[in-house]
Each structure stands twice: as C-alpha cells, then as structure tokens.
Amino acid sequence: MPQLIPTPWLALLIFSWTIFSAIVLPKMLKHSFPDNPTPRSKQDLHKNKWDWSWH
Amino acid sequence: MTLSLFDQFLSPVVCWIPLVAIAIILPWILFPSPTTRWLNNRSLTSQNWFLSQATSQIFLPINPPGHKWALLLSSLLIFLTTMNTAGLLPYTFTPTSQLSINMGLAGALWMGVVILGMRTQPTHSLGHLLPEGAPALLTPILVIIETISLFIRPIALGVRLTANLTAGHLLIQLTSTATLAMLTIMPVTAIFTGILLFLLALLEAAVALIQAYVFVLLLSLYLQENV
C-alpha cells in the first residue's frame, strides 16, 4: 500500500506541519471578530446633553 | 490489478517537484489574509463568519481553560476541509489520504492534550480510566480496557481519516473505470454506473467535510476530558 512506503513519511509529516504552522495559523490568527453593533436607544440621546462648559 | 489501483496514492513527483508540496501550499491562495479595513470583500467576510461559527460550535462544551486551543483546532478544521475538498478535483493529489500526514497531526495533538491533562490535573485525567457508576468488581478489567482505548485514540484518529479518504477515492476510480470500459459494450449499464459515480462523488464531498469535522470534534472531546 503506497501510504506505508517509509521514504516520504517523515518529509511529508514535517512538511505538512511546517505549512500548517507557517501559513494556516497566521492566516486564521489575523481574522478578527468585532462585536455586533447594539441599537441605539432613545434615552441615550437625552442623557449626555452638550453643554458649552468653557463659557 | 489491485496494486495498480492503489498507485493513485503514491506521492507523485513531476519534474523533480513533489506534487504534495503544491497540493498543500496552493489551496491557501483561496484564503486571503484579512485586511485591517473594517469592511472586507465577500469571500473574506464569509470565511470570517464560517470561522467564528465553527469555533464557537466546537468550543461551547469546553471549559474556559481549554479555549486557548481555539486557534489550533479551528485552523486544523480549515486545513483538513480544504485538503479534503481540494483532493476531490480531478488530477489532484489528496495530502490527507497519506498516513504520514494524518498520523503526524493526530499523534502530536492527542499527545498534547494528554500531557496537558497529566501535568495540570493528573488525578482528574487518570480518573477517566474508570467510568463512573461501574461495578467495583470490574475495576481492574475496566482500567486496562480504558488504558488500551486511550492509547488507540491517535491511531484511530489518523487511520479513520486516511481510510475514509482512500476508500472514497478508490471507489471513484473503480466506478469511473467501469463506466468508461462499459460505455461501448453495454451503454445502459454504463449509464447506471455513471449515476452511481455521480452519487459517489456527492458522498465523497460530504465525507470530506464530515471527516475533517469529526477529527477536530474528537480532539476537542479529548481536550474537554483533560482540561
């Protein structure tokens, strides 16, 4: 069975792990998952009124 | 005849380039690195959504200390699904049909979770060798059986993926050879075999995704036991 041929065994193993660690992991790490935006409620508009505090 | 059918799993080398290298490196062109922009294109957004859904699904039942494994297991899922599905295209080589690659992934990750469990909480990890509620008389036999099953896990993990993909590819090759051979002699049978081939291809697409998911799911279960 060709999967049991010992010659490329270690090379394939190390190569697959190398590509996994060098390419896949950094690519998946760069994905960011921002929070879903929450809808603004009407009360928030009235709480912080703009006051001209320096006059 | 059987030996020549397995020849499709020989690691092919064309012009001194091992095709395994191309098969493992090239699919990542399909996965662009996310930009620092707030909005990305459709493919990136859908990949991002899929990654977040898959990660949350896998890590829901795992205790918070195990969530450090999120990057590793979700990247492994993407890696395996990509390798499996890319191998379904004609004239490609499936890296995950090789025992070396699957045993390398399975053995290393299984050993990682077991060593983690043994170092952080040895009593809890060893406690899994005796299931709760078992009769006291069966304790010695059960511990032996559970230890054997513990050590068979990496082999089962690797061989399961290899065997599923190898068997699928072999079946596709057999039915396609049969369809082609019968096309001139017995066309009606060839049409039925062609329908079988079509259904097999659908099955193989499903198996590709499912087997990758099962691999990662089992690893997450072993992690849940040990963390």
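Trainee: Is B:Cys15 buried or exposed?
Mentor: Happy to start there, and keep in mind that this is a predicted model. B:Cys15 lies in the loop between strand E1 (13-14) and strand E2 (17-18) of chain B. Exposed means over 50% relative accessible area. B:Cys15 has 62% relative accessibility, so the residue counts as exposed.

Trainee: What is the phi of B:Cys15?
Mentor: B:Cys15 is not a glycine, yet its phi is positive. The value is about 55°.

Trainee: And B:Tyr91, is that residue buried or exposed?
Mentor: B:Tyr91 sits in the loop between helix H4 (70-86) and helix H5 (99-120) of chain B. Although not a glycine, B:Tyr91 has a positive phi of about 65°. Its relative accessibility is 88%, therefore B:Tyr91 counts as exposed.

Trainee: Which element gives the most to the largest nonpolar core?
Mentor: Good one! This core has 45 residues, and B:Leu76, B:Phe79 and B:Phe215 touch the most other members. Among the elements that give two or more residues to this core are helix H1 (9-29) of chain A and helix H3 (42-59) of chain B. The element giving the most, with 8 residues, is H4(B).

Trainee: Which residue of chain A does B:Leu76 touch?
Mentor: Leave out residues up to four places away in sequence. The contacts of B:Leu76 then include B:Leu105, B:Leu109 and B:Phe215, and from chain A, A:Phe20.

Notes. Residues numbered from 1 in each chain as written. Chains lettered and ligands numbered in written order. Predicted model: local features only at pLDDT ≥ 70, side-chain atom pairs only at ≥ 80, totals over all residues. Heavy atoms only, no water. Helix = DSSP H or I, 4+ residues; strand = E, 2+ residues; numbered from the N terminus. Buried < 20%, exposed > 50% of the residue type's maximum accessible area, 1.4 Å probe, protein only. Core = buried A, V, L, I, M, F, W, Y, C linked by side-chain atoms within 4.5 Å. Contact = heavy atoms within 4.5 Å.
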